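Work through the exercises below with the model open. Each task is followed by its solution.

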Amino acid sequence: MSRFHFPESIRSRPVYGTLEPRPGKAHLMIADAEGAEALLDLASADAGLVRHAHIIYIPKGTGETYVERLRALDPEQLHVSPSFDASLPRLRRVLAEAHMGLQLYLTGTEGLMGRAQSEAMQAGIPQGAIQTEHRGSVARRMQCVHCKGITEDVMTDPFVCSHCGLNLFVRDHYSRRLAAFQGVCVDAEDPGNVPDPVELYS
Amino acid sequence: MTAAPRKTKAGAEKIDVTVSAVVPLNDLVTRFEFRRTDGGAFPPFSAGSHTVVEMNDGGRTRLNPYSLMSDPADTSTYAISVRRDDEGRGGSLYMHNNVRPGDRLTLSYPVNLFPIDLRGHKHVFLAGGIGITPFMAMIAHLERMGGAWELHYACRSKALATYADDLTRAHPSRVHVYYDDQDQRIALEDLLDGQPLGTHVYVCGPGGMIEWVHRTAAAHGWPEENVHSEEFLAPQPGKPFEVYLCKSDITVHVGENESLLEAIERCGVDAPFLCRGGACGQCETDVLEADGTFEHRDHWLDEDEHAGGRKIMPCVSRFTGKKLVLDR
Amino acid sequence: MTIQFNEETFRDDYSFRNSDRAIRRFPFPFHEDSYMYSVNMEQHQGGPAGSVYEMRFDVDEHYVAEMQDRAIVLAEDPLRCQSLPHMTLAGWDTLELIMVSKSEDYPDLFELHRDGDRWRWINKPLGIDHTFTFLDETTLPCGPLEYITRQAQGDFAVLDQRGDMLYMDAGMVTTQADWSLDFDIGMDFFEWHAPVPLAHEMGIFKRALKFLLNIRQGSPARRLNWTMTVNPRLDTSPENYHNWGVQKSTLTPENIGAKQHLRVELQTFYRLPRSNALLFPIRCYLIAFQDLVTIPKWGRRLHRVIRDLPEELADYKGFIANRPLMLEYLSRHDDGLPTSPGVWPDLETEPPLQT
């Protein structure tokens, strides 16, 4: 089981649900790694729904583990992509041609769901048409509030900004527009005094 | 900052106006145009706004909300169109029978509970009968600022199709009119399908039409935030009842044809309000004691609040029973 | 009214100073000897003559210097002023509101001449004389929100109102107390207030939101907020935190009177006509402790407020580490005498410090 119970937090911290079938004219599903499990669960609730869906899947570290099982669901389209960035041109094209009535199902890591949601909202998909379910890694996308660079796959607090090198502490304050949590300089008031990194949620 | 700050006044700021024109459009609908009595410019407003018209009907103050249908950029004139309702409480009858050019009235500053979503890439307007009025202002705004829109207008008959001719002439490819008496219906499902992302739908008309649009859109995968509606609930008459206002220490008798809010105002007690139609939440009042049954007719409180009996919306809701004490 | 504008800085050498007039009209926020959150809104329809509440957009001796500091911040970081595409109309509403208010309230300093949609705006303190077409951005050097807020003190958040919620969809934010417009833009009312401790559980934001959603044209409102800043620095942004944060640790018993500042935000709320958006100006006033205690009542009261403030609030407002130093200084200005309710100095009735 790849589900994680996120501790309760502040109002801007995203809260994920469980994917459920919804009435709609088209269904677009985007998942990475263990997110495939949520799509398989969705298919067992409503196989017909998934058969009419367009799935974009990024296996990440899971390799071939889920690919055949997703193919077996017989979706209208299944596109397996090596990364979210590589899938972006396709996703943007799909969104540009989409119509109202499109339902969006996002599942997997927070980073994948956040980025996909940000693209969707820019294309005009209302929030109410987007569902999310977390599966797999709890690593975060962090934006350094100082240099604006985004550091991917952060698992410790504090961490080092991969762009400017500052030591940043991890906040739960989250921006849907940027699809990232906020990182702030941890030793601003006492330069050099950087606590030992601790794994997130430990 | 004071230790005892000035209380926010009930209702909205007011503008003194003089009626500049009264234009009957058909059997049921008349347009009223206003200029500011002091000759100044009206405040600009956002399309979809309404104003509350204050009328003095033989000593009885009537307050009726009407959509502003004029071009929001035209600050010389405000215009409303009123549908005569012979069975109603008398506000529209008063307007039709008594108001003449040159008369002085008071309007509230515009208030908008039905705005255009400015992020929208396209706006689809669904009007039923007199529900056409807010869309007149929205169309003027989008034409001026540039924006994609289309109007689907359901009327009872050609004779009662207020402004339909003007609209079709000005915007032949964007305006579609459907006559009830010719069995023409808006093909809503076809209309909803194939709309680009970022399309918003707005419906203004009878309650049944509004409910139909919301239901159909949801079934076709449209989230609520892209479907907007406005319906002015007129307070319905009901059995008279008594209410004790705790803070003011007076007992108010609510008559058959006045709302609880109107009765409170009649007794000189200042109670907040805004839309006077059960939709905006501004008049929400705490119930201190109740022994009886509430008749909640608003769209503001949720199910639990309706069942809980600790709150009431006096602009449209009523009560029957032995005792009602309100925190006013 | 003629105002003598200071030449001063809010960074580096920190030459900022308050005149006696500025001290006396400072918006002291505490009306009693303790502080807890409340939805402390009141109408913004004027105030006592000469007070910061009198005019719609208060202009004081710091005007020119503050606008210079804003220009520096924006040159270093243009992301401090952003406007999502659908908010341009709200930007024009804001421009009109500020130009009309300032030209009417300070006719010696600002003039607005309108001929249809051809407008001529004269800003004497900043030496601006510009003619443009209202609603046509191509006739302004930048978007309308940026154009006018480069000439108005304080930060400005512009909130789109949709579906019984407010969204921070545009803003000019260069004098904020530690939040980032670039990060928060697009968030809803509860999300952008997410980091504030305690207030959510108290239902403060639910009530505040309901009040704000119902603000009407013609009926603006206002409230005060406060925090602490070491040195009279306006740009206490998270973006620059790694530059200014360390200044907090430079306080000593000898310099605290001059360096520790009470920072008060006068927040106002205006319904904008054409866009139906809500304009949220956040005007920042700073006063050094040593100037504040020259008003005996304020010295007594500030000591008691800071002494009794819950730890979470002192922590969130960023002065928990310096609190002991602050109390040591302030206690010398609190003789234990009773204070009158209300925020005003009451110099005639409040006795000077009894030593």
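**Exercise 1.** Find which residues of H4(A) meet which residues of H5(A), and classify the crossing.

*Solution.* Start with the contacts (C-beta atoms, placed from the backbone, within 7 Å). Phe84(A), Leu91(A), Arg92(A) and Leu95(A) in H4(A) meet Leu112(A), Arg115(A), Glu119(A) and Ala120(A) in H5(A). By class, this contact has five nonpolar, no polar and three charged residues. Next, take the axes, lines fitted to C-alpha atoms over the stretch in contact. Those of H4 (residues 84–96) and H5 (residues 110–122) of chain A come within 11 Å and cross at roughly 30°. H4(A) is therefore roughly parallel to H5(A) (angles under 35 degrees). The crossing is right-handed.

The model is predicted: local features need pLDDT of at least 70, side-chain atom pairs count only at pLDDT 80 or more, and totals for chains, interfaces and linings use all residues. Residues are numbered from 1 along each chain as its sequence is written, with chains lettered from A and ligands numbered from 1 in the order in which they are written.

**Exercise 2.** Give the strand order of the open sheet in chain B, then name its edges.

*Solution.* Strands pair if DSSP finds at least two bridges between them. The order is E14-E13-E17-E15-E16 (chain B), with mixed pairing. E14 (250–254) and E16 (311–312) of chain B are the edge strands, each pairing on one side only. E13 (residues 241–245) of chain B pairs with E14(B) in the antiparallel sense over five bridges. There, Phe241(B) stands opposite Val254(B).

**Exercise 3.** How many residues of chain A are in contact with chain B?

*Solution.* 18 residues of chain A contact 18 of chain B. The chain A side divides into nine nonpolar, seven polar and two charged residues.

Conventions:
Helix = DSSP H or I, 4+ residues; strand = E, 2+ residues; numbered from the N terminus. Contact = placed C-beta atoms within 7 Å. Nonpolar A, V, L, I, M, F, W, Y, C, P; charged D, E, K, R; others polar. Axes fitted to C-alpha atoms, helices over the stretch in contact; angles between N-to-C directions. Parallel < 35°, antiparallel > 145°, perpendicular 65-115°, else oblique. Left-handed = near helix turned anticlockwise from the far one by under 90°.
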